[in-house]
Amino acid sequence: MNIVKVKDYKALSEEAFSLFKSVISASSAPVIGFATGSSPVGLYELICYDYIKNGASYKDMTTFNLDEYVGLDVSSDQSYIYFMKHNLFDHIDVNPKNINIPNGIAPDIEKECKRYSSLLASSSIDLQILGIGANGHIGFNEPNTPFTSTTHKVKLTDKTIQDNSRFFDDIEQVPKYAITMGITEIMNAKKIIILANGKNKAKAVFDMVKGPVSESCPASILRRHPDAVLIADEDACSLL
Ligand code: F6R
């Protein structure tokens, strides 16, 4: 794993944008895996800026999101499709037909997982953007998820519900289940960028980089990826 240590969140977002842009420029039809959460928001602002101010086009980009809560309607401002539209997709010229995200309100969630998984199997992600959970999760692959997992329904841990409650009015409103891309599918991406900032990520970053490669820290598998880059600020690197 390549580690790029940066001063702060602004530098992290700029570094991520520069890597993202080189992947986008290298293909006429780039396929990008996106994450939600606070870590990539600065990167998404730079992509929007690139479209609005520099006239860059993203019309030939195909997107796959990592995950979605089960049971939140598209119109809910806590759903991940809403997050992506609000922070990125509505501000650039990506073709809505090329946007892929698990459907958390599908009538049959198991069937939806299979649909998403076979879509991923017939695609090839050029760049996957990841954040890391304070417990080492990637996507919603919580500790002890098999490294062999593909897209599946997951019961969120208390720690993740607690961490994500900051986006909700009340912790009771945080969904208990989600659909997530599996670890195998994340590892199939040609290139992976992991973004980590803040002191609350220091332990997870330490476990990912220095701990054993173990399902108890899902992100540790990224050390076995041939082209994974961790971009982390000083706080997130403070235990390394
Ligand atoms: C989001 C996702 C999660 C987050 C992780 C970090 O789609 O899959 O794994 O990347 O929980 O979240 P933030 O960036 O909010 O600290």
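How far is an oxygen atom of the ligand from an N or O atom in the side chain of His-137?

1. The model is predicted. In it, the separation asked about, from a ligand oxygen atom to a side-chain N or O atom of His-137, is 2.7 Å.

2. Two further side chains place polar atoms by the ligand. For Lys-201, a polar side-chain atom is 2.6 Å from an oxygen atom of the ligand. For Arg-166, the distance from a side-chain N or O atom to a ligand oxygen atom is 2.9 Å.

3. The ligand has 14 residues around it, and those that come nearest are Ser-39, Asp-67, His-137, Gly-139 and Lys-201.

4. Turning to the helices, α1 spans residues 9-25 and α2 spans residues 41-52. Their axes are 8 Å apart, and the two helices pack at an angle of about 55°. An angle between 35 and 65 degrees counts as oblique, so α1 and α2 are oblique to each other. Their crossing is right-handed.

5. On the α1 side, the contact with α2 is made by Tyr-9, Ser-13, Glu-14, Ala-16, Phe-17, Phe-20 and Lys-21. The residues they meet in α2 are Val-41, Gly-42, Leu-43, Leu-46, Ile-47 and Asp-50. By class, this contact holds eight nonpolar, two polar and three charged residues.

6. Helix α2 also packs with α3, which covers residues 80-87. Here the axes come within 10 Å and cross at roughly 45°, and α2 and α3 are therefore oblique to each other.

7. Val-41, Tyr-44 and Cys-48 of α2 meet Phe-83, Met-84 and Asn-87 of α3. The contact has five nonpolar residues, one polar residue and no charged residues. Val-41 is listed in the contact of α2 with α1 and again in the contact with α3.

Definitions and conventions:
Residues are numbered from 1 along each chain as its sequence is written. This is a predicted model: local features need pLDDT of at least 70, side-chain atom pairs count only at pLDDT 80 or more; totals for chains, interfaces and linings use all residues. Side-chain values use heavy atoms; hydrogens and water are left out. Axes are lines fitted to C-alpha atoms, for helices over the stretch in contact, and angles run from 0 to 180 degrees between N-to-C directions. Helices (H or I, at least four residues) and strands (E, at least two) are DSSP runs, numbered from the N terminus. Angles under 35 degrees count as roughly parallel, over 145 as roughly antiparallel, 65 to 115 as roughly perpendicular and the rest as oblique. A crossing is left-handed if the near helix is turned anticlockwise from the far one by less than a right angle, and right-handed if clockwise. Contact means heavy atoms within 4.5 Å. Ala, Val, Leu, Ile, Met, Phe, Trp, Tyr, Cys and Pro count as nonpolar, Asp, Glu, Lys and Arg as charged, and the others, Gly among them, as polar. A residue is near a molecule or strand if one of its heavy atoms lies within 4 Å of it. A polar contact is a pair of N or O atoms within 3.5 Å; within protein, one must be able to donate a hydrogen and the other to accept it, and residues adjacent in sequence count only if both atoms are side-chain atoms.
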